[in-house]
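User: I would like to learn how to read a few backbone and surface features in a model like this one. Could we go through them one at a time?

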Amino acid sequence: AFYSAALLNADSVVQHDAFYQFVMLCYEKVNSLYDPLEYLSKFINQYPNSEHVEEVYACLANIHLKTRNYDKAISILEQSDLQDYKLKNQYQKICYHKAVQLYNDGLYRQAILYFNKSINVSNKNELLYQSYYWIAESYYNLNAFSDALDWYAKLPRGTLYIQSLYSQGYCFLKMGEYQKSIQKFNKLIEYNVDAKMVYDSYIRIGDNYFSLMNYKLSVTYYDKALSVSGFEDDYAAYKKSTAYVLLGNYNSAIKSFNDLIEKFPDSNYLDDAIFDLGNAYILAEDFNLASECFTNIINNFQNSLFHAQSQLKLGLVYYMQKNDSQAIAMLKTVSKLPDRNASQEAIDIIKNIYNELGRASEFVDFIQTVNHDYTKSELDSSMYYSSELQYMQANYHQAISSFNAYLSYYPNGLFSLESNYF
């Protein structure tokens, strides 16, 4: 009936009112025979100055909002002048939901655009502060930490502010402003609103103090995290152990590394811990246990990043134990590995061993079989100083043999005159 009345040309007021009643029934009735989108749009086009036009805009937007077609809903509302309070609220809400949708899809820059649209409505309500927070989070995810902090600073004291302290702590940590990061994480711990955040805050404070080289306090906070316990316990235990090494407290470091290895046999830090434990044993001059650690990695962690370094360290341990033949054999193996740093370091140690033994000619022979960075003059000098060392140590028979070897290799060498003299 309303639709029929709307088609009559007799009375424009009756026609207007009838069409309005008709489109509202289309909107309100479930499974209407008439498409509400089509007729609500027709009403706006036909009566753009109607007193009901803002209401109709709102109905159109609601239909698109229910189907999560935020773009269409926003487009329709932007066609109105947004003077009506209810329309402004609706526009703010839809822009916010569109922004959240984009944020969840990882489209942070586009999300910021729509959060700003929601903010620009100028309604001071919870959605405004939610938008501030999520713009800050968007910038955080874009690694724009300074911009993120600017937006976090707009938040009033309350739930969102407390929640933001966690992200602010991370912003300052990633910017290298460790003291400010510590302040934010400590403030969050004071509120104690989320056990997981408190646990992670303890670890991050430990990381901050570690970066500030305040290893004593870093141990304190890693211990606090471990007392609460969580998913990063192996990491906290590893960093705590490393801090003990840097403090020169090797006994505590050794105990801490051993605890980690025992408690977290499936940890991603297991080979790191075993390797560092070996180094701690070297520093504590317990070479037998150091040897066990490096042998463990060589035999059981073939794909470890520390595999080549463990072979190098084992060769070094043999050298420190005066097991020169074992050291040379292991280091020669390392010298042929693709790890260039480990290879060159192994060659350097082999050179030192041969020089100390007065067998520099053997090193010169060996060096021809591997890739190396030594120049001819460096080899010349190395062989001479090895011979001179034997002389200074009163190993005269070994010195004569060594100087003769030098002269046979380098008859016109840099030190041929001195060699003949000695």
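**Loops, helix ends and exposure**

Analyst: Methionine 213 has its place in the loop between α12 and α13 (215-228), where helices are DSSP runs of H or I with at least four residues, strands are runs of E with at least two, and both are numbered from the N terminus. This is a predicted model, in which local features need pLDDT of at least 70 and side-chain atom pairs count only at pLDDT 80 or more, while totals for chains, interfaces and linings use all residues. Residues are numbered from 1 along each chain as its sequence is written, and side-chain values use heavy atoms, with hydrogens and water left out.

User: Is methionine 213 buried or exposed?

Analyst: Buried means under 20% relative accessible area, exposed means over 50%, and partly exposed lies in between, with a 1.4 Å probe and protein chains only. Methionine 213 is exposed because its relative accessible area is 60%, and asparagine 143 is exposed with a value of 53%. Valine 193, in the loop between α11 (178-191) and α12 (195-211), is likewise exposed at 53%, and its C-alpha atom is separated by 8.6 Å from that of glutamine 163, 30 residues apart along the chain.

User: How do I read the span of a helix, taking α20 as the case?

Analyst: The expected span is 1.5 Å times one less than the number of residues. Helix α20 (residues 340-357) has 18 residues and reaches 26 Å from its first C-alpha to its last, close to the 26 Å expected. Its buried residues include Ala342, Ile347, Ile350 and Tyr354.

User: Which residue caps the N-terminal end of α20, and which residue follows the helix?

Analyst: Aspartate 339 caps the N-terminal end of α20, with a side-chain oxygen 3.2 Å from the backbone nitrogen of asparagine 341. Glycine 358 follows α20 and has a positive phi, near 70°.

User: How many helices and strands are there in the protein, and what percentage of its residues count as buried?

Analyst: The protein has 24 helices and zero strands, and 49% of its 422 residues count as buried.

Technical notes: A polar contact is a pair of N or O atoms within 3.5 Å; within protein, one must be able to donate a hydrogen and the other to accept it, and residues adjacent in sequence count only if both atoms are side-chain atoms.
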